[in-house]
Amino acid sequence: MYPGVTGLPRPVNNSHDHILHGITTFDYGHTHSYYAITGPAIDLPGGMHTHYVYFETNEVDGHRHRVQDFVIPAAMG
Ligand SMILES: [Fe+2]
Ligand SMILES: [Fe+2]
């Protein structure tokens, strides 16, 4: 899975973050939902940026998943 940004940028400490929420796609036969707040913007070449995010999904079928990833790069707006 590769979390997508679903929330508008929220200004924070001369940077911004985003609220992420959605449904996981990496399981067979069940899904988990998640809600997380990203870290601040990380600049990339070409005027793009990404954000680090870490979260745990909700519990389904007796387990939860820990996800650690970078969100899909976007143009700095
Ligand atoms: Fe699972
Ligand atoms: Fe962003």
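The following legends describe an overview and two close-up views of a predicted model.

In this predicted model, local features require a pLDDT of at least 70 and side-chain atom pairs count only at pLDDT 80 or more, whereas totals for chains, interfaces and linings use all residues. Residues are numbered from 1 along each chain as its sequence is written, and chains are lettered from A and ligands numbered from 1 in the order in which they are written.

**View 1. Secondary structure of the protein chain.** The chain holds eight strands and zero helices, in the order β-β-β-β-β-β-β-β from the N terminus. Strands (E, at least two residues) and helices (H or I, at least four) are DSSP runs, numbered from the N terminus. Of the 77 residues, 14% count as buried, that is, with 20 or more other C-beta atoms, placed from the backbone, within 10 Å of their own. Among contacts (C-beta atoms, placed from the backbone, within 7 Å) with a separation of 6 or more, 40% join residues 24 or more positions apart.

**View 2. Leu20 in strand S3.** Leu20 belongs to strand S3, which spans residues 19-23. Leu20 is buried because 20 other C-beta atoms lie within 10 Å. Its C-alpha atom is separated by 9.0 Å from that of Val53, 33 residues apart along the chain.

**View 3. Ile23 in strand S3.** Ile23 is also part of strand S3. Ile23 is exposed (12 or fewer other C-beta atoms within 10 Å), because its count is 11. Leaving aside neighbours within four places in sequence, Ile23 is in contact with Thr31 and Ser33. The C-alpha atoms of Ile23 and Thr57 are 8.8 Å apart, with the two residues 34 apart in sequence.

Key
Contact = placed C-beta atoms within 7 Å.
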